[in-house]
Amino acid sequence: MNKRTSAAPIQFFEELKQRRRDLVKSFGPAVLVTLIGFLIALYFVEPPPSSQLVVAAGPRNGNYYATTREYAEIFEQNGVELVSLETVGSIENYKLLLNDPQVNLAIVQAGTVPDLPGVEKLESLASLYREPLWVIHHSDVEIRDLSDLQGKRIAIGEMDSGTHVLSEMLLNENGVVNGEAETQFLFQGRGQLQQMILDREIDAGFLVMSAESQLVREILLEPKIEVMDFQRGQAYSRRFPFLKAVTLEQGVVDLQLNLPNERINLIAPVANLVATPELHDAYIPLLIESAIQIHDGGNLVSAPSEMPALDGVEFDVNPIARHYFQHGPSFLQKFFGLWIASIIDRAKIMFVPLIVLLIPLVKLAPPVYRWQIRSRIYRWYALLRGIDQSVRGTESTERAQLLQNLLDIEKELGDINVPLSYMEEFYNLRLHIDLLKRRLSESETGDESTSMSED
């Protein structure tokens, strides 16, 4: 009784194992083919992002460079090294984007797009923040408007810098042209600008710089240097959409020292984040997230949550960047991080074609498997048919050999592993073998009876 009871569970688990093996044999090849197809297709999808990203920034003592270093800290938390490339300024950044395959990202000053081949293919990711344009001059020189700079020695920034492009454009718009009426444009950077004004080597200088910078603080503290007030700031912003009239309120830089000591009207170009089409899509949400974390609080000339935004961009907006600003970070990026989100994002575009491939394979697998299992059984019927056709008209010795063949077949069948779902065909084969064995036995008995009657 105990033996029967213990045998039932064993038989049950053996049957479960057999069914599991049947499922693996039925659907395993289809899944394997689909997986191989998936891996082949994945090879042709956009490769995974690199662990290093190079960004063309600007002068090491400038705000663009400092901004990229703040971004680098956030990128490092996501396993990516953000390399800040020191440059002269925006024009050099554009040249690097267009000519250096290692540089796919840059911060550039709005209004400085150069006339270079391929520049129209660049994409805007975001406008980051506004940096005011400062026109500084010696306090002995009265300058109320840019037109007053006619006949003066003016430092307009280094060649290939955004300051140079913007200041030259604004001066020309006001009729101040290099070489006319003793006007001199000097390509002088910010380094010695303050001292050159104090030494009367130049009459005025242009700077594009954050109001929070140390240099601006030093300029406001220097009694012999004044900052020109852009009284027509609104007019500039209407004529040039990349400029905005901003106000530096009295005392906003330093309340204790009352810097500045009066309200100053300024115009401010926006700093734009620009990329080539080759920039990996996985970086874009992380870049915008970094920009929001760092710039969303505003600054001395921008209100909180005003920047970053898509206002003031000069190229077609990258679709992923636009989606981020409209809907926020994707579910994958929010919960899985850069690398896992990138893998899933690259793989998901393959799901539909792979499902289309998997469905017919799954449908084809059971018939193929049934044919494979039944072929193990049906191939023996070829031997049985030959034996059956040989039964009649054979001698007794030949029938003995045929009977031995049947016994050999029966023995070999004992070593064949047939799934339980196909046992009906298996036992039908054994019944047919028994049928032939009886026929051979009856034929041999009949021969013996005939032989006895003749005697």
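**Terms set against values in a predicted model**

Biologist: Why is aspartate 388 called partly exposed?

Modeller: Aspartate 388 has a relative accessible area of 31%, and since buried means under 20%, exposed over 50% and partly exposed in between (1.4 Å probe, protein chains only), aspartate 388 is therefore partly exposed. This is a predicted model, in which local features need pLDDT of at least 70 and side-chain atom pairs count only at pLDDT 80 or more, while totals for chains, interfaces and linings use all residues. Residues are numbered from 1 along each chain as its sequence is written, and side-chain values use heavy atoms, with hydrogens and water left out.

Biologist: What is aspartate 388 in contact with, leaving aside its neighbours within four places in sequence?

Modeller: With contact meaning heavy atoms within 4.5 Å, aspartate 388 touches Leu436 and Arg439. Aspartate 388 and arginine 439 are 51 residues apart in sequence, and their C-alpha atoms are 8.8 Å apart in space. Aspartate 388 itself is found in helix 11 (residues 351–391), where helices (H or I, at least four residues) and strands (E, at least two) are DSSP runs numbered from the N terminus.

Biologist: What makes the rings of phenylalanine 230 and tyrosine 236 an edge-to-face pair?

Modeller: Rings of Phe, Tyr and Trp (its six-membered ring) pair if their centres lie within 6.5 Å, and planes under 30 degrees apart count as stacked, over 60 as edge-to-face and the rest as tilted. The centres of phenylalanine 230 and tyrosine 236 are 5.8 Å apart with planes at 80 degrees, so the pair is edge-to-face. Both of these residues, phenylalanine 230 and tyrosine 236, are buried.

Biologist: Why is the pair of tyrosine 64 and tyrosine 129 said to tie together parts that are apart in sequence?

Modeller: Tyrosine 64 lies in helix 2 and tyrosine 129 in strand 4 (residues 123–130), so the pair links parts that are 65 residues apart in sequence. This aromatic pair is also edge-to-face, at 6.4 Å centre to centre and 65 degrees between the planes, and both tyrosine 64 and tyrosine 129 are buried. By this rule the count comes to 5 aromatic pairs.

Biologist: What makes a group of residues a nonpolar core, and which residues have the most contacts inside the largest one?

Modeller: A nonpolar core is a set of buried Ala, Val, Leu, Ile, Met, Phe, Trp, Tyr and Cys residues joined through side-chain atoms within 4.5 Å. The largest has 50 residues, and those with the most contacts inside it include Trp134, Leu149 and Phe230. Strand 11 (residues 264–275) gives the most to this core, with 5 residues.
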